[in-house]
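This briefing covers a chain interface, a helix pair and selected local features. Please consult the sequence and the structure alongside the text.

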Amino acid sequence: MGLLEGTSRQDYYEGDDHGAYQFISLKDIVNNFLVAYVGQDKVISKASRSDIIFHAKRTIQELSFDTFNTQKSLEVEVGPNLAIVFPQDYVDYSKIAWVDGYGVERVMQPAYKSGAPKAASQDSDFQFVYDNEGDFINTSSITEQNFNNAKTTNKGEYSGNSGVRAENTSGERYGLDPMVSQVNGVFVINKLESRFQFTSDMVGKIVTIHYVSDGLARDEDTVVHKFAEKAMYDNILFSIVSTRSNIPEYVVRRYQKAKFASTRTAKLRLSKLNTEELAQVMRGKSKQIKH
Amino acid sequence: MAVSINTVYQRVLAILNKEQRGYITPVEFNLLANQAQMSIFEQYFYDINQFARIPGNDTEYSDMLDNLNEKIEIFETSAQVAHNNQTFSLNPKPYKLGSMFSTTTTDNVNYYPSIELEKLTPKEYRRIALSPITKPSSDFPVVVINGNNFKVYGLGTVPAGYVVEYNYIQKPATVNWGYTTVLGEALYNQSTSVDFELHSTEETKLVIKILELAGLVIQDVGTYQVADAEEKQKIQQEKS
């Protein structure tokens, strides 16, 4: 019986659950693992379902970071406070860009020469001011204020104006630093307050945050692409075997190799090395570079 | 496929009466028969554990594990108990509890499909509930067992019509060689008798086991020794 038996084509096209066939749920992975790997005359003679769930979820987390091709994105308009808090299921960002009038993403760079420090209050004698519990009293950061007030400038528009972002024009007279010489702007990652901060010229602009999560935040996220199904089983198997006592080391290594190979295969498959697209890229190889 | 209690009784008497060794009354026989039945039945679980550790064979009738499972299947059954979102008890109480499922008795309820409940002790439950990635959920619910008190976690509030279905091994019925006394003689009465529920292949083992116990009752060392030697030989033959 086919996996899609029971759901007619009409149900699919008239329903909301489109494209789900490419994924397998965590529940199915755990149940499949119990059927095929656990039991008498199997690789693992006995394992509790809780153990398998733990290792399955940990595997989803690990594979989400660099194997699954499931980047998330969130489009936000920058308000007057010039800050966007991290998305709820944020683990790390992969790209931050603002969107121009043509819908093209202008990739922004992290500010290497600014930051978002905590500022401690000081009295007129420059001594720290403490609260009743002996902690610093925080005040607004001058670094943050100056960064927010600054504007991104074109590398060619050097002026002595203090409002110009020094980072973009740094080294202009003696040679620009290619790493920071770009017009799309920069942002600061304020990890202490879990937000991205932008310069004042970004007010009202649409910013897209591309980020990675760990795949466990929501039930609908906890799915695995079928290209990575074998990698899931091999990862769970290795995790269980390697955390048990009295398992010979050569057995652990055998499953470690299997895990490594299947994870690599999954990564290659999910990388979408499409021959047509590769050919299109390679066609540009013969283009003459104009100086 | 049950073993006739009258057949076993007649064989035991026939062997005992040979050379005027002795006689056991129906009351004594019933006691010994139940003792023998439970002894054989209990041994199944230890034998399965032993045979699970060695490679089996692909023959149709001679794989020991298959044979043992066939003998236990007679006693394997399932029952349902109302879910009611509270602590519940199992009725009938199982001799050995197997897997448990949350399921529905009505076809039109499409809330949760039938789903297996992982059995946990209170200690295990407290541990897994501490971790956000292992705590019970609607996909992976658990049932915590504390004596004969059971509680399901992870499913939330289930609607009416949901039950917990459990597989279990039931205890063999108490056997009885029923009789009526006619002219001072005990005559077999089938209507008041209860046969052995064990697999029919256990007939010989039952006779030997009862003889062994009868040897102790009638204080005949010879009977005990012969039956004991016979039993040991049979076990050795089966397990070697």
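In which kind of crossing, left-handed or right-handed, does α5(B) pass α6(B)? The crossing of α5(B) with α6(B) is left-handed, a term for a near helix turned anticlockwise from the far one by less than a right angle, right-handed being the clockwise case.

This is a predicted model, in which local features need pLDDT of at least 70 and side-chain atom pairs count only at pLDDT 80 or more, while totals for chains, interfaces and linings use all residues. Residues are numbered from 1 along each chain as its sequence is written, chains are lettered from A and ligands numbered from 1 in the order in which they are written, and side-chain values use heavy atoms, with hydrogens and water left out.

**Helix pair in chain B**
- Helix α5 (residues 203-217) and helix α6 (residues 221-239) of chain B pack at about 145 degrees with their axes 8 Å apart; helices (H or I, at least four residues) and strands (E, at least two) are DSSP runs numbered from the N terminus.
- Axes are lines fitted to C-alpha atoms, for helices over the stretch in contact, and angles run from 0 to 180 degrees between N-to-C directions.
- Residues in the contact (heavy atoms within 4.5 Å) include B:Ile208, B:Leu211 and B:Leu216 of α5(B) and B:Tyr224 and B:Ala227 of α6(B).
- By class, this contact of α5(B) with α6(B) has 5 nonpolar, 2 polar and 8 charged residues; Ala, Val, Leu, Ile, Met, Phe, Trp, Tyr, Cys and Pro count as nonpolar, Asp, Glu, Lys and Arg as charged, and the others, Gly among them, as polar.

**Interface of chains A and B**
- Chain A contributes 12 residues to the contact and chain B contributes 14 residues.
- About 1200 Å² is buried between chain A and chain B, with 58% given by carbon and sulfur atoms; buried area is the accessible area (1.4 Å probe) that two parts lose on being put together, summed over both.
- In chain A, the most area is lost to chain B by A:Lys27, A:Arg49 and A:Ser50, together 50% of what that side buries.

**Salt bridges**
- The rule (a side-chain nitrogen of Lys or Arg within 4 Å of a carboxyl oxygen of Asp or Glu) gives 13 salt bridges over all chains, but 0 across the interface of chain A and chain B.
- A:Arg58 forms a salt bridge with A:Glu62, with the closest N and O atoms 2.7 Å apart.
- Because A:Arg58 and A:Glu62 are 4 residues apart in helix α3 of chain A, about one helical turn separates them.

**Backbone features**
- B:Asn91 and B:Pro92 are joined by a cis peptide bond with omega about 5 degrees, and B:Pro92 lies in the loop between β1 (76-82) and β2 (96-104) of chain B.
- A:Phe126, a residue other than glycine, has a positive phi near 65 degrees and lies in the loop between β6 (119-120) and β7 (138-139) of chain A.
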